[in-house]
Amino acid sequence: MAKQQPRVDAVIVGLGWTGSIMGMELTDAGLNVLALERGADRSNADFAYPKAADELQYGIRHTMMQKPKQSAVTIRRNLDERALPQRKLGAFLPGDGVGGAGAHWTGVLIRPTPTDLQLKSFADQAFEPGVLQDDMQIQDFGVTWDELEPHFTFFEKVCGQSGTTGNLRGEIQEGGDPFEGPRSEPYPLPALQDTQNTEMFDKAARQLGYHPFPNPSANVSRAWTNPYGMQLGPCNYCGFCSRYGCVNYSKASPQTCILNALKQRSNFAYRTHANVTRVELAADGKTATGVTYIDENGEEVFQPADMVILASYALNNVRLMLNSGIGQMYDPVSRTGTVGRNYSYQIGGGIHMYFDDIEFNPFATAGATGRMFNDFSPGNFDSASHGFIGGAKMHSSQASGTPINTPLPKDTPSWGQGYKDALQKYYGHHMKLSMTGSVMSYRTNMLDLDPTWKDPYGMPLLRMTFDWKENELKLSRFMRDRLREIADVLKPNHMEESFRLSGDHFKVTSYVSTHNVGGAVMGTDPSNSALNRYLQSWDVHNVFVPGGNAFPQNFQANPTDLIAALTYWSAKKIKEDYLKNPGPLMSRA
């Protein structure tokens, strides 16, 4: 029989960005809040000076990531294949412990465009009927730019965002992104310093008529004190960002920006090594009574709560909903059910260039150092004439100077003297052109429960069905040709391409990004969304599910800014309306 803990007003599952934000907002409202984190505790002191940024430990052995034995998903490419579980990390790297992926992320902090939030409405206007694949399931988010903009602005102050404003209250600003939605305030801090890589990319892109701007960065360019009173130090360009905790308190993370303030509140507590296995429901199935978790001693514990916030990684949020019977599991044949529907990802690609006589000094960089342009975001170019919908963030980012992960030519030996010679020759002479592409949602790209594989507690694993579709492969070919044009201007001595092209299939062993989205998506229609526009379950009114799982499809950039803005948007509605009158915030009619 499960051990029972005292009741709390709200229990939060997961203590990364969304859990930390919800913790602040709900304790502000006076609630007694408990967070449950299945991993270990992590503080800035675990990886800050004088500790070394150990590439073998963090960059290769993935110390800050969940191991497949903890959180494996099974993966297949179509409905007819038998899914097999992950055996090693590859395509994506979920975070482990307090802070989650927000502790080891790179720090690119960019907003979607207004069009991204209303992509179905855009598609209906821009594409003739029958042009797009009939198995696409594109949807609007159900929330507008104007509704989210104040929450973007606040979160960017929490992070100390560094960058160059492109659109201030409708007025285009020199040097920023002319395609961004109107901002109510400029960036909190100026952009990071330029590098040789940045200057070369900027010049070549402008020569071709594009509009590059500095990467919006959560690696702060100046000392910053955020609205919670948390202090961040100016980035020292050490080159250890992605896959690492920041050694200098300079990269925004739940630890540096929120948690130390949250921990001081008497109405907040958290427990680590608490692996939540299911949300418990009342007899009528319409209300959650709390959650059950396995503690560090292997004992089952029931935590009663008046409200449940699922704030873990997107894939785990979906799995918890499915294993708890919250909503109806999606069926790709009948297209009924909503939980598991519209899983999406991102498509990437790039050109590795090597210059014999140019030294890039890659050891002096930050995770978000670089430039990008949004000339190829939806609505900014005529993708319909090229037979696809979507877009790509085009960028060149000198993001890391870690030597073991230096990109080397394909014919380089993987070890021994040949590897050492190549590393000596090419380290410092490499530059990459990259595209980060959007991925639409489709009938057969989905999440459900695996009928065979279970975790150590007897709970079914999450099964992912996903493969690249022709729309995204067309997008990849188009963007490849645009990057080739930039490479032609730069004239490297040697270059190699890496793109997903016709006939390519998704490979779980090849890293793309950790930007898994969808599966429990938001919307205004309960027939095609698991959550309403306030991230509240349509079926269990006291369960809210903030995270990338809410995206109906993925857009062409990093998701953190949107995830955080949606979390603040949801918390505002909870505080202003739900707590006064608990119940559905939208009618199912």
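I will take the cavities, then the patch.

Please keep in mind that this is a predicted model.

How many cavities of 30 Å³ or more does the structure hold? There are 7 of them.

Start with the largest cavity, which has about 150 Å³ of space. Its lining is made up of 15 residues. If you want to find its centre on the screen, look for Arg38, Gln66, Ser71, Val73 and Leu315, which lie nearest to that point. By kind, the lining has 9 nonpolar residues, 4 polar and 2 charged.

Which helices each supply at least two residues of that lining? They are helix 3, residues 68-71, and helix 10, residues 314-324. Helix 10 gives the most, with 3 residues.

Next is the second largest cavity, with about 110 Å³ of space. This one is lined by 15 residues. Nearest its centre are Ile110, Arg111, Asp177, Glu180 and Tyr187. The lining here divides into 7 nonpolar, 4 polar and 4 charged residues.

Leu56, Ile60 and Ile404 make a nonpolar patch of about 220 Å². Where does Ile404 lie? Ile404 is in the loop that runs between strand 18, residues 392-397, and helix 11, residues 416-426. Its relative accessible area is 40%, so Ile404 counts as partly exposed. Patches take residues with over 30% relative accessible area, and Ile404, at 40%, is one of the three residues named for this patch.

That is everything I have for today.

Note on methods:
Residues are numbered from 1 along each chain as its sequence is written. This is a predicted model: local features need pLDDT of at least 70, side-chain atom pairs count only at pLDDT 80 or more; totals for chains, interfaces and linings use all residues. Side-chain values use heavy atoms; hydrogens and water are left out. On a 1 Å grid over the protein atoms alone, a cavity is a set of points where a 1.4 Å probe fits but cannot get out, and a pocket is an open set with protein on both sides within 12 Å along at least five of seven lines; lining residues have an atom within 4 Å of a point. Grid points are joined across faces, edges and corners, and a volume is the space filled by probe spheres set on the points. Helices (H or I, at least four residues) and strands (E, at least two) are DSSP runs, numbered from the N terminus. Ala, Val, Leu, Ile, Met, Phe, Trp, Tyr, Cys and Pro count as nonpolar, Asp, Glu, Lys and Arg as charged, and the others, Gly among them, as polar. Patches are made of residues with over 30% relative accessible area and no salt bridge: like charges are joined within 9 Å, nonpolar side chains (Val, Leu, Ile, Met, Phe, Trp, Tyr) within 5 Å. Accessible areas come from the Shrake-Rupley method with a 1.4 Å probe; for residues, only the protein chains shown count as cover. A salt bridge is a side-chain nitrogen of Lys or Arg within 4 Å of a carboxyl oxygen of Asp or Glu. Buried means under 20% relative accessible area, exposed over 50%, partly exposed in between (1.4 Å probe, protein chains only).
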